[in-house]
Amino acid sequence: MNAPLYQYGAFGPGASLIVAVAIGLGFGFCLERAGFGNARKLAAQFYLNDLTVFKVMFTAIVTAMTGLYLLSRIGVLDLSLIYHLPTYLVPQLLGGLLFGVGFVVGGYCPGTSCVAASSGKIDGLVVIPGMMAGIWIFVELYPRLEGFVNMTPMGDFDLAQLAGVPYGAMVLLIGGVALAGFWMANRIERGGSGAVGPE
Amino acid sequence: MTSRTPRPYWNPYFAGFALGLVLLSAFVSMGRGLGISGAVTTTVVAGVAAVAPAHAEANPYAAAYLGDGRTGLFKDWLVIEVLGVLAGGLLSAVLAGRFRWKVEKGPRISARGRLMAAFGGGAVMGFATRVARGCTSGQALTGGAMLSVGSWVFMLAIFAGAYATAYFVRREWT
């Protein structure tokens with residue numbers, strides 16, 4: 001075991017900020033290359049004309065998921081040292097529904113609004129102060145929302161535990177579901193108006 | 001740089017693979033995934049604290065985002081990462097001849113209408129990221145790759161919410 005590198009002391013807090021810039025650069029670069037600096041391309045996902053959002057997201061998840069699993073199996077990466085996101089079932093379900101409404105109305109999610117803004121898209125730039133306003137409203141209302149956003153806590157709970165199968169089996173299953181999803185996405189796109197390009 | 005013909009986007013599977021490697025490198029180097037909305041929250045809370053310090057201290061949510069030395073690094077880390085995201089998007093767009101000052105919209109809506117929708121949609125989404133404890137990056141991608149049940153529920157709910165709303169805002173996009 002010698003990863004996560006930061007947890008194993010390979011570098012300190014100062015150097016971690018240089019890592020932050022490098023990872024951010026890679027993240028922003030990939031989002032823009034995928035076409036996610038363009039709200040028309042993102043929105044086309046929800047009119048079934050261009051399913052790039054689905055393809056990119058699930059390829060990224062399967063890639064990282066498989067990498068995490070293999071690196072932990074060969075003993076390089078200690079999965080228990082990676083921060084695990086706790087599950088709060090009801091707030092995450094309702095928050096997701098609300099997020100989806102905001103996404104198709106605003107045209108971007110938070111990360112894609114950043115690359116849209118930095119590639120000159122005025123609509124992407126405007127999403128950012130909107131997002132700040134929404135977050136500010138939440139912070140101000142927090143004393144009244146505290147009970148709701150902390151309800152149904154399930155702790156660190158993963159899909160393998162939910163299904164009662166080994167972690168590796170769930171990794172394989174999600175990979176299989178993704179492949180079936182890509183095949184279906186290509187069929188669905190044939191009925192749409194075609195992929196959205198730049199301009 | 002604005003006169004060049006824009007180059008086409010990457011193949012979606014290639015882009016997804018590259019994005020997955022960036023996410024994996026965050027896990028391997030820092031023991032955490034990607035994120036955006038947490039950094040925006042830190043920025044908002046820092047703004048509130050600058051204008052009304054006592055008010056921010058009295059709010060338990062804001063106080064947590066002000067940092068206590070233990071969580072401070074990660075919060076700062078995320079803010080720096082988002083600055084990288086902005087720079088990465090700019091770099092990619094310029095290199096591909098895709099930098100344009102423009103408003104992305106469908107043909108049936110005015111630029112003004114589209115910008116109002118962008119602000120309103122952004123506000124709804126920002127609020128939702130706090131309810132769900134993250135966005136498409138910090139919750140859906142990061143938690144998705146770690147098989148978190150809450151992250152998968154959040155991700156499927158995003159698609160459900162957006163598909164359910166798409167018909168009503170079709171004039172904005174089609």
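Helix axes are taken here as lines fitted to C-alpha atoms, for helices over the stretch in contact, and the angles between N-to-C directions run from 0 to 180 degrees. On this basis, in the predicted model, α1(A) packs against helix α1 (residues 12-30) of chain B at an angle of about 165 degrees, the two axes lying 9 Å apart. Because angles over 145 degrees count as roughly antiparallel, α1(A) is roughly antiparallel to α1(B), and the crossing of α1(A) and α1(B) is left-handed. To this contact α1(A) contributes A:Ser16, A:Val19, A:Ile23, A:Gly26, A:Phe27, A:Cys30 and A:Arg33, while α1(B) contributes B:Ala15, B:Ala18, B:Leu19, B:Val22, B:Ser25, B:Ala26, B:Ser29 and B:Met30. By class, the residues joining α1(A) and α1(B) comprise 10 nonpolar, 4 polar and 1 charged.

Chain A itself contains 8 helices and 2 strands, arranged along the sequence in the pattern α-α-α-β-α-α-α-β-α-α. Its C-alpha trace spans about 50 × 45 × 40 Å along the principal axes, and 49% of the 199 residues of chain A count as buried. Among contacts in chain A with a separation of 6 or more, 68% involve residues 24 or more positions apart.

Terms used. Residues are numbered from 1 along each chain as its sequence is written. Chains are lettered from A and ligands numbered from 1 in the order in which they are written. This is a predicted model: local features need pLDDT of at least 70, side-chain atom pairs count only at pLDDT 80 or more; totals for chains, interfaces and linings use all residues. Helices (H or I, at least four residues) and strands (E, at least two) are DSSP runs, numbered from the N terminus. A residue is buried if 20 or more other C-beta atoms lie within 10 Å of its own, exposed if 12 or fewer, and partly exposed in between; C-beta atoms are placed from the backbone. Two residues are in contact if their C-beta atoms, placed from the backbone, lie within 7 Å. Angles under 35 degrees count as roughly parallel, over 145 as roughly antiparallel, 65 to 115 as roughly perpendicular and the rest as oblique. A crossing is left-handed if the near helix is turned anticlockwise from the far one by less than a right angle, and right-handed if clockwise. Ala, Val, Leu, Ile, Met, Phe, Trp, Tyr, Cys and Pro count as nonpolar, Asp, Glu, Lys and Arg as charged, and the others, Gly among them, as polar.
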